[in-house]
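Here is a friendly walk through this structure for a first look. Please keep the sequence and the 3D view open as you read.

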Amino acid sequence: MVTTVFPKSIKSRPIYGQLLPKHGTRHLMIADGEGATGLTDMLSKIKNDRSEFLNKSHIVYVPGVNGVDQSDVLVGLGAAQFYKSPTIDAAMPRLRLILQDARMGIQFYLSGTESLMGRVQTAIMETGYTHSAIQMEHRGSLSRRVQCVHCKGITENVKIDPFKCGHCGLHLFVRDHYSRRISAFQGVNIDAEDPGVVPPSEERFL
Amino acid sequence: MIGDTKIKVRVTDAVTINPLIKQFRFVSCDGSDLPAFSSGAHIFVEMEDNGTRRLNQYSLMSTPEDLSCYTISVRRDDVGRGGSVFMHNSVKPGMEMVISHPINFFPLDVRARKHLFVAGGIGITPFIAHMAQLLGQDHKFELHYSARSHGLGAYVDHLKDIYGSKVHCYFDDKNQKINLENLLRGQAIGTHVYVCGPKPMISWVRQTAEQCGWPDQAVHYEEFLAPPTGKPFVVELARSKKIFTVSTNQSLLEAIEAAGVDAPYLCRGGACGQCITNVVSCDGEIEHNDHWFEPDEHNEFGTIMPCVSRFCGKSLVLDR
Amino acid sequence: MGINIKDGFFSDETFREDFTYKNSPQAIKRFPFPFDRDDYMYAVNLEPHTKGREGSVFEFAFDVDEHYVSEMRDRAMVLSEDPLRCQSLPHMTLAGWDLLELIMVSKARDYPKWFSLTKDGNQWHWINRPMGIDQKFTFLDETTLPYGPMEYITRQTQGDFSLQDERDGNLWMDAGMITSQADWSLDFDIGMNFMEWHAPVPLAHEKGIFDRALKYLLNLRLGAPVRRYNWTMTIDPLLDTAPETYPIWGPTRATLEKGNVGERMNLRVEVQALFRLPRSNAIAFSIRCYLVRFEDLVTVPKWGRRLHRVIKELHPDLAVYKGFLRNRPLMVEYLAQFDDGAPTSPGCWPDE
């Protein structure tokens with residue numbers, strides 16, 4: 001599974017890189033779905049003894065919403081801590097506590113879907129830690145979290161465009177305009193000017 | 001084009017703090033409040049020193065909330081260009097001077113959960129304003145201050161009195177050193193570190209922070225940049241049709257100003273890009289001393305930053 | 001809040017539903033027409049925000065006109081319906097105080113018959129006669145005002161405001177009062193940096209407009225504010241054209257007809273000014289919106305001719321982004337009546 005390459009877009013559309021091992025006092029690795037191999041690919045870049053790095057590592061893994069479960073490649077790695085959570089929501093309380101007590105010198109490695117990486121990034125930012133030092137590599141599903149600009153409700157796992165807001169029912173088109181603070185793309189009413197005229201949905205974010 | 005309005009001030013105090021450092025206090029000539037500023041800001045103080053006009057940069061150390069006066073501290077540098085010597089020897093209470101509006105290249109990151117200050121010598125000055133600012137706002141901070149000795153550590157006792165256990169001092173003559181690695185490793189996530197002092201100290205803090213896994217955006221520094229001195233050289237200004245010599249202790253920018261030509265500037269230390277000037281022709285070598293361009297970009301753009309850069313050769317013509 | 005019409009200056013009008021908004025002849029003459037030539041493309045059109053021509057919208061730092069009281073009433077209604085239009089991230093309170101001081105000092109100096117400010121150390125006394133406000137408070141103490149400082153003062157000031165924190169070589173929009181915007185969401189964009197919140201603007205990024213503008217703004221100094229224009233089109237004099245309420249005002253775009261273009265189509269001009277703030281080192285960005293119906297605008301012959309030419313030749317991407325591509329033919333047809341092909345003088349001012 002290779003790193004996702006996104007088409008060129010507007011400046012607020014996040015761009016993800018490739019994970020690299022860095023100096024740190026602790027390494028927090030979080031992944032979902034195919035992101036597990038994003039983590040193992042990063043570890044394979046460590047030239048010498050990996051055990052020093054892994055002794056300082058804490059891995060949190062969530063199987064993909066698409067059913068992909070790569071936890072077996074992570075379990076036996078020898079990380080100081082490994083935890084598998086059923087969903088991103090369920091993992092958040094644990095993550096928040098880790099962040100609350102974290103020290104400077106901690107390194108973050110996120111891999112998987114934009115939804116997972118975005119939500120974790122937002123939680124990290126709430127500690128005052130700068131977002132640009134959080135490493136992120138996209139792998140797997142392109143499905144998006146979309147916030148309806150009208151009712152503010154967020155619809156998860158949006159794969160089609162346009163789609164129906166899961167909260168207020170308006171038909172929304174999905175913009176590439178993205179907010180790190182909310183960790184979501186913006187959805188705007190598509191038939192405001194001509195109510196009822198809604199183009200057929202395309203599968204854009206599989 | 002200078003851009004900033006100047007403020008006419010009067011010196012009310014010129015106090016010797018220790019053998020190297022003198023403190024100066026300014027009030028506005030017309031008795032009005034001075035402009036409010038953000039901690040970390042500096043002003044330029046203009047001085048006419050025997051026909052040479054200099055603008056030296058000094059951090060404001062006064063409390064930002066007190067607009068009745070500005071206070072600065074000047075460390076005497078006997079081998080420098082002469083600005084600090086002038087301040088020490090010639091600036092007396094009652095004297096009228098001209099200063100710039102405050103400008104800030106060393107602000108606090110107000111989102112930080114905690115501010116960790118590392119000061120060396122005269123680098124203590126911006127932190128005095130920072131701590132006064134933070135005390136009023138109930139933010140977490142800590143100061144680690146290194147000086148040659150207790151006697152040469154300006155304001156050590158004063159700071160310990162006000163801030164107590166938040167202040168940690170280290171004196172070279174007692175072989176006391178900041179245990180920087182330990183200090184950095186123990187900070188809670190969301191801490192920012194700020195360093196101001198001699199160049200080697202700044203490099204040391206930046207490198208240690210990187211090795212400890214701190215992101216660049218959480219490491220802030222201010223270097224007190226002065227234009228380097230060098231051999232005199234001749235320069236021609238194409239548009240103003242002037243030719244003059246830049247002397248040893250004078251920067252190219254100062255020489256342009258002395259020739260009566262207004263040139264844009266902001267930091268006067270090679271860090272902000274405001275003074276970038278096009279080179280019309282050059283027969284010789286330009287000594288690029290700025291921190292703005294990458295080394296290979298200088299030739300690509302055919303420009304020079306006159307606030308810090310110099311020249312050696314047959315002729316230099318600038319588009320000014 | 002009653003309208004103070006004692007001196008007959010402030011209008012009592014609406015910017016919604018029945019749209020009783022109208023410009024007096026003086027307001028039309030001083031309208032900030034943004035086109036200085038017969039075509040338009042994005043540029044870094046920043047100029048010093050110094051005291052301008054007497055009687056013009058540029059005379060003072062914060063222009064107060066006949067629409068003041070009614071605009072503030074409309075703002076209060078918008079906020080009551082949607083409080084998310086005014087937000088301030090926790091670290092921006094000091095910047096809010098800087099803005100409060102800037103506006104109060106400016107208005108008390110420039111319009112002394114309407115505003116006064118007396119200071120006794122940190123004990124301040126502010127009087128806003130048109131809005132009937134008499135407030136004593138302690139500067140820098142939020143507990144002594146009914147709202148946070150930015151919200152307090154912007155509820156009394158025409159125009160939208162955003163406060164930008166400067167860090168990491170960029171500007172971050174970390175607070176704002178945005179109730180008269182041209183279709184962008186504060187709630188979504190708050191926290192973004194300069195490049196990110198401008199991301200949706202077509203063409204300008206490729207031209208390097210934002211790189212140059214950012215570099216310029218990072219060097220913005222205390223006491224040296226700058227200004228520029230932006231413009232778009234709005235059907236009916238509706239101030240609140242936020243994306244949040246798009247389902248409400250969007251449908252009106254399809255209701256423009258040949259017979260109502262003059263009355264319902266409005267040129268919407270934003271006079272934007274940027275100020276460096278002293279204690280927070282942040283930048284205040286004011287976005288002051290002026291609306292004029294086409295039928296009023298064309299009473300200035302030069303403007304009628306020029307607007308026709310600008311709209312006719314405008315790059316289609318800009319017409320899409322500004323939301324009027326579908327109505328462009330109707331607008332051009334209407335404006336053509338006022339363009340006899342005669343030359344227009346350079347600059348924005350009407351010919352005397």
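How far apart do the C-alpha centres of domain 1 of chain B and domain 3 of chain B lie? They lie 26 Å apart.

Before the points, a word on conventions. This is a predicted model, in which local features need pLDDT of at least 70 and side-chain atom pairs count only at pLDDT 80 or more, while totals for chains, interfaces and linings use all residues. Residues are numbered from 1 along each chain as its sequence is written, chains are lettered from A and ligands numbered from 1 in the order in which they are written, and side-chain values use heavy atoms, with hydrogens and water left out.

1. **Domains of chain B.** The domain assignment gives chain B domain 1 (3-104), domain 2 (114-222) and domain 3 (233-318); such bounds come from an automatic or database domain assignment. Nine residues from domain 1 of chain B and nine residues from domain 3 of chain B take part in their contact (heavy atoms within 4.5 Å). Between these two domains about 780 Å² is buried, and carbon and sulfur atoms give 43% of that area. Buried area here is the accessible area (1.4 Å probe) that two parts lose on being put together, summed over both. On the domain 1 side of chain B, look for R53(B), L55(B) and R81(B), which supply 52% of the area buried against domain 3, more than any other three residues.

2. **A helix pair in chain B.** Still in chain B, find helix 2 (residues 124-137) and helix 3 (residues 156-163), which pack at an angle of about 15° with their axes 12 Å apart. Helices (H or I, at least four residues) and strands (E, at least two) are DSSP runs, numbered from the N terminus. Axes are lines fitted to C-alpha atoms, for helices over the stretch in contact, and angles run from 0 to 180 degrees between N-to-C directions. Because of that angle, helix 2 of chain B is roughly parallel to helix 3 of chain B (angles under 35 degrees count as roughly parallel, over 145 as roughly antiparallel, 65 to 115 as roughly perpendicular and the rest as oblique). Helix 2 of chain B contributes I124(B), I128(B), M131(B), A132(B) and L135(B), and these meet L159(B), I162(B) and Y163(B) of helix 3 of chain B. By class, this contact has eight nonpolar, no polar and no charged residues. The classes are nonpolar (Ala, Val, Leu, Ile, Met, Phe, Trp, Tyr, Cys and Pro), charged (Asp, Glu, Lys and Arg) and polar (the others, Gly among them).

3. **A helix pair in chain C.** Helix 11 (residues 301-313) and helix 13 (residues 328-336) of chain C pack at an angle of about 150°, their axes 9 Å apart. That makes helix 11 of chain C roughly antiparallel to helix 13 of chain C. The residues of their contact fall into six nonpolar, two polar and three charged.

4. **A helix pair in chain A.** In chain A, the axes of helix 4 (residues 88-100) and helix 5 (residues 114-125) come within 10 Å and cross at roughly 30°. Helix 4 of chain A is therefore roughly parallel to helix 5 of chain A. Eight nonpolar, one polar and three charged residues make up the contact of these two helices.

5. **Where the chains meet.** Chain C has 26 residues in contact with 25 residues of chain A. The area buried between chain C and chain A is about 2100 Å², with 57% given by carbon and sulfur atoms. F188(C), E196(C) and Y246(C) supply 29% of what chain C buries against chain A, more than any other three residues. Between chain A and chain B, 18 residues of chain A are in contact with 19 residues of chain B, and the buried area is about 1400 Å².

6. **Backbone details in chain A.** Which two residues does a cis peptide bond join? They are D161(A) and P162(A), with omega about 0°. P162(A) sits in the loop between strand 8 (160-161) and strand 9 (163-164) of chain A. N157(A), in strand 7 (residues 154-158) of chain A, has phi near 55°, a positive value in a residue other than glycine.
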